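Here are my notes on this model.

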Amino acid sequence: MTITGIEEIINPLQESKLNKKGLCDYVINVATGCTHGCSFCYVPSTPVIRTNQQHLKEKGINDPQLDWGKYLLIREDIPEKLTEVLEKKKTWKTTPSGKGVVLLSSGTDPYQNKQTAKITLGAVEILLKHKKRIRILTRSPLWLNHLNTLVDNNITVGMSLPYLDDELSRKIEPFAPPPSLRYNALLKGHQRGCRLYVAIAPTPPMMKLDDFQYYLEKIMKFKPEVIFWEPINARGSNGKRMLDAGLDFASIIADKKNWAENFILQWDAIETAAKSVGCLDRLHIWADAQLKGFVDETKLTDWIGKPTVEQWANNI
Ligand code: SF4
């Protein structure tokens with residue numbers, strides 16, 4: 001059973017540290033919780049959920065980390081609150097790697113259902129009115145319903161697409177739309193002139209050079225401006241959720257050395273594949289500070305906080 005409800009927040013526009021990943025300087029999360037409930041999801045291990053346990057318990061959610069996927073508290077008043085915030089806001093944070101971008105969303109899927117899609121559209125319209133740069137990140141094709149708004153030089157739409165294997169997806173992220181639907185949505189978005197990116201993330205350890213090669217050839221058909229990549233980790237409550245879902249590889253990558261070795265192997269594989277497919281310039285590695293001691297430190301520092309290659313309209 002899914003616990004659903006409404007949640008009020010004071011300021012929907014939060015500064016974000018996701019500039020380290022080249023994603024944004026601000027985030028807007030349209031809900032707390034996510035009904036996609038992906039087994040590997042890192043969100044329940046982040047402070048957003050960990051420091052909010054009491055509030056969530058009051059809403060009837062007993063274990064906000066392990067019950068991830070079984071609750072959704074929607075923030076209906078975001079468009080109204082966002083208008084108030086932007087009308088008063090005098091300064092705008094713009095780091096070299098965050099580029100002043102607003103990401104919807106980092107802690108939930110902004111297009112997981114019609115309700116969140118409506119709030120997302122409302123927020124996007126207000127951000128556009130204020131000439132802000134917007135990055136959408138979703139696993140759902142529902143954004144195609146909003147192409148009239150989303151085809152804009154100040155918006156880039158991205159989908160998380162770690163693999164193109166629907167069967168594998170049913171084991172790892174059974175409640176999210178299958179990769180074949182996501183892939184087709186990206187092709188349609190490309191045909192309609194939407195600016196796109198893709199997050200090949202997080203990849204399970206069984207993906208090897210041949211998989212990346214095949215995959216990159218397919219995704220280059222919709223010309224993503226940036227191709228983000230990172231492998232799965234199992235260092236929070238997601239390790240237990242993956243094991244509960246029957247994903248035995250989680251017990252192997254729970255060991256830091258194994259995780260790091262797998263990271264490095266896949267990093268080499270995706271770079272080699274990207275070189276051969278001709279998209280190395282678009283590949284953006286989400287390097288992880290915990291690799292320190294396992295890879296050359298300059299390689300790490302080069303990627304953490306590196307700006308992405310896509311260009312934005314000048315007006316922010
Ligand atoms: S769609 Fe994203 S936020 Fe939602 S459960 Fe999956 S990984 Fe987490």
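1. A definition to begin with: helices are DSSP runs of H or I with at least four residues, numbered from the N terminus. This is a predicted model. Helix α11 is followed by G278, and the phi of G278 is positive, near 90°.

2. α11 covers residues 256-277, 22 residues in total. From first C-alpha to last, α11 reaches 31 Å, close to the 32 Å expected at 1.5 Å a residue.

3. Which residues of α11 are buried? They are W259, A260, N262, F263, Q266, W267, I270, A273, A274 and V277. Seen down the axis of α11, these buried residues fall within an arc of 160°, so they line one face of the helix. An α-helix has 3.6 residues a turn, so residues three or four places apart point the same way.

4. The other side of α11 has exposed residues: K257, D268 and K275.

5. UniProt, in an unreviewed entry, lists residues 28-198 as "domain: Radical SAM core". The end C-alpha atoms of residues 28-198 lie 19 Å apart.

6. Around the ligand are C34, H36, G37, C38, C41, V43, T108, D109, R139 and A176. By class, this shell has five nonpolar, three polar and two charged residues.

Note on methods. Residues are numbered from 1 along each chain as its sequence is written. This is a predicted model: local features need pLDDT of at least 70, side-chain atom pairs count only at pLDDT 80 or more; totals for chains, interfaces and linings use all residues. A residue is near a molecule or strand if its C-beta atom, placed from the backbone, lies within 6 Å of it. Ala, Val, Leu, Ile, Met, Phe, Trp, Tyr, Cys and Pro count as nonpolar, Asp, Glu, Lys and Arg as charged, and the others, Gly among them, as polar. UniProt positions are given in the numbering used here, feature names are shortened, and annotations may be inferred rather than shown by experiment. Helices (H or I, at least four residues) and strands (E, at least two) are DSSP runs, numbered from the N terminus. The expected span of a helix is 1.5 Å times one less than its number of residues. A residue is buried if 20 or more other C-beta atoms lie within 10 Å of its own, exposed if 12 or fewer, and partly exposed in between; C-beta atoms are placed from the backbone. The arc is that of the directions from the helix axis to the C-beta atoms.
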